[in-house]
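Open the structure in your viewer and keep the selection tool ready.

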Amino acid sequence: MVVFLQGCKLRCQYCHNPDTIDTQGGTEYNIEDLVQRALRMKSYFGDKGGVTVSGGEPLLQAKSLIPFFKRLKEEGIHTNIDTNGRLLNHPTTELLDKYADLVMLDIKHMNEEGFQKLAGAKNKETTFNFAKYREDSGKKMWLRYVLIPEITNTPELLHQLGNYFKDYKTIEKIELQPYHKLGIHKWEALGWDYELKDARENTQEEIDAAVAILNQYFKDVKAN
């Protein structure tokens, strides 16, 4: 079960949920109503399923996620946060340390210039500091990385990614997200200019090559 939360401080050029960027949008839900919905789905979760909060950026609402995840844990439901790792305040650390079984961390780019252009914000190190905090906690983490030919999918950047995280013990998996244009119509509906309209999708050979590079550094690399 995935709960998409409203609001994000980044404006990634490839975002396929641009309607979740505005912090003033969305619909309010009662926490217990969401817990009951998860309980009705629990039989479908199996051994590996549970509840993921995504967005937008879910950690903008970390304070409210604490009682939500606490209730899910009381019901024996696995909890996961899909985040860009830009927040590491007290509510966030409490949520991470006590209630988040898994973190899926989005790595946008490996250098500052590329990060600023792609994500519309400064200081890529914030995300890496978040990763280090999760590593030091000893709790599970996956990395996610969008492959955009010539922008994020280059051998140099992939080797940088591998070298930076190769010694992390908590990383269970790297998920590669091949670039697609399925969200363009949402940008157009919002009246926003989609700046990556000229970017091309990866060939299968490029995806396979990216997987092969990262397999040198990590035990589990998957291209979605």
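Select Y164. Y164 is partly exposed, because its relative accessible area is 36% (buried means under 20%, exposed over 50%, partly exposed in between, with a 1.4 Å probe and protein chains only). This is a predicted model, where local features need pLDDT of at least 70, side-chain atom pairs count only at pLDDT 80 or more, and totals for chains, interfaces and linings use all residues. Residues are numbered from 1 along each chain as its sequence is written, and side-chain values use heavy atoms, leaving out hydrogens and water.

Y164 and F165 form an edge-to-face aromatic pair, with 4.8 Å between centres and 65° between planes. Rings of Phe, Tyr and Trp (its six-membered ring) pair if their centres lie within 6.5 Å; planes under 30 degrees apart count as stacked, over 60 as edge-to-face and the rest as tilted. Is F165 buried or exposed? F165 is buried, at 0% relative accessible area.

The protein has eight aromatic pairs. In one of them, the centres of F128 and Y164 are 4.7 Å apart and the planes stand at 45°, so this pair is tilted. F128 sits in helix α5 (residues 125-137) and Y164 in helix α6 (residues 155-165), 36 residues apart. F128 is buried, with 2% relative accessibility.

Finally, show the whole protein. Its C-alpha atoms fill a box of roughly 45 × 45 × 35 Å along the principal axes. Buried residues make up 50% of the 224 residues.

Note on methods:
Helices (H or I, at least four residues) and strands (E, at least two) are DSSP runs, numbered from the N terminus.
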